[in-house]
Amino acid sequence: MKNQLNNTTMSTATIYSINPTDKKDDLSVVSQATEAMAASYTSVTTIKAKGNQYLLGYEASSGTTDTYLLSDIAPFLTKVENTLIFGKNWDKIEPFYMANKPHIMCYQSKNGHMYFYPITDELKTEHPLHFYHTRTPLTTDLTEVKPLVSQGQVFVLGYNHENGFVNIWTVSATSTSEGDLPPLAVDIEWAHQWAKGWTRFAFFTWGNENYFLKTNDWKPNVNIDHIWDDLSKGTNEVGSHLKLKDDQQLDIVHPFYVGPGDPYFLTYLAASGESTFNRIHGDCMGWTTCATVDKIDKTTLIVPYRIGESNFAIYLS
């Protein structure tokens, strides 16, 4: 089936609700709706603007970005107009917030370019800040790029799967800017080298601290690491050689939160269509599987979202 508007293959979104039950370590995961999307997207994320939450679907070859208003009741996805212009061939689009304003970071691995776009309440892109680094620490060939916040400071963590180089850059507001450039500046804070082979990062916060789960497919391993508040100190390992089902075969891992903000993560294995939903233990030395859903076929992207204390996950196929 083709969308005549942008001549791209359409995709399907299945929306699952994720709710705690009256049983300990039990989640109810229920399919709520299946809806057609306007295109088949290469990158998806969510942003909040003007008190609403939106799903952004980006298609790299055309540069098209579609926006959908998210809801906790049917209709869960409502397509809305936007004037977001990011251009073509970005590998990732990632949201962050600076001075109460949403931004989108676009990243292209081949040339290491990062563009930081302020976004208006009317879902319009403003002129971006362009950043890249052609000498060490390089911004090229990063396989994981994630904007995060520590003690109110926005930063970007980047990692290269092939050589293990990992860097942290801070994103700061400046007092003024020239022309139509946004008042932003990017500076290196930490440069290091881990083992190569880390993938399937799932970033989460606990007690206002940053953590992440990651899997190594070079020397099989599963870790949970902590990011220091002093970003110049980088990260430290909390748990290692943790047991995660199908860790070497999983296709997707994403964090989400339940209740007042307890961290969980979901996994998806395309070969079987199985998705698990797991509560992370307080010592970060393991997790408990609280739900499993079988036979979710042909999923390529998953987007968890949360409205109030209601949790959902959109499975795109």
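Biologist: Y315 first. Is Y315 buried or exposed?

Modeller: Y315 counts as buried, at 1% relative accessibility. Buried means under 20% relative accessible area, exposed over 50%, and partly exposed in between (1.4 Å probe, protein chains only). This is a predicted model: local features need pLDDT of at least 70, side-chain atom pairs count only at pLDDT 80 or more, and totals for chains, interfaces and linings use all residues. Residues are numbered from 1 along each chain as its sequence is written, and side-chain values use heavy atoms, with hydrogens and water left out.

Biologist: Which strand is Y315 found in?

Modeller: Strand β26, residues 310-316. Strands (E, at least two residues) and helices (H or I, at least four) are DSSP runs, numbered from the N terminus.

Biologist: What does Y315 touch, leaving out residues up to four places away in sequence?

Modeller: T12, A13, T14, Y16, L266, Y268, S275, F277, I296, T299, L301 and I302. Contact means heavy atoms within 4.5 Å.

Biologist: How far apart are Y315 and I296 in space?

Modeller: 8.4 Å, C-alpha to C-alpha. In sequence they are 19 residues apart.

Biologist: New topic. How many salt bridges does the structure hold?

Modeller: Seven. A salt bridge is a side-chain nitrogen of Lys or Arg within 4 Å of a carboxyl oxygen of Asp or Glu. One of them joins R279 and D25, at 2.6 Å, N to O.

Biologist: Where do R279 and D25 lie?

Modeller: R279 lies in strand β23 (274-280) and D25 in the loop between β3 (12-20) and β4 (27-36), so the pair ties together parts 254 residues apart in sequence. D25 is partly exposed, with a relative accessible area of 24%.

Biologist: And which side chain does E94 meet in a salt bridge?

Modeller: K146, at 3.1 Å, N to O. E94 lies in strand β9 (92-98) and K146 in strand β13 (144-150), so this bridge ties together parts 52 residues apart in sequence. E94 is buried at 13%, while K146 is partly exposed at 23%.

Biologist: What about K101? Which side chain does it meet?

Modeller: E126, in a salt bridge of 2.9 Å, N to O. K101 lies in strand β10 (101-108) and E126 in the loop between β11 (113-118) and β12 (129-131), so they tie together parts 25 residues apart in sequence. K101 is partly exposed at 27%. E126 is partly exposed at 32%.

Biologist: Last one. Which residues gather in the patch of negative charge on the surface?

Modeller: D187, E189, D229 and D230. Patch residues have over 30% relative accessible area and no salt bridge, with like charges joined within 9 Å. D187 is found in strand β16 (184-193) and is partly exposed, at 43%.

Note on methods:
Patch = residues over 30% accessible without salt bridge, like charges linked within 9 Å, V, L, I, M, F, W, Y side chains within 5 Å. Areas by Shrake-Rupley, 256 points an atom, 1.4 Å probe, with all protein chains shown as cover. Lys, Arg positive; Asp, Glu negative; His and termini not counted. Charge placed at Lys NZ, Arg CZ, Asp CG, Glu CD.
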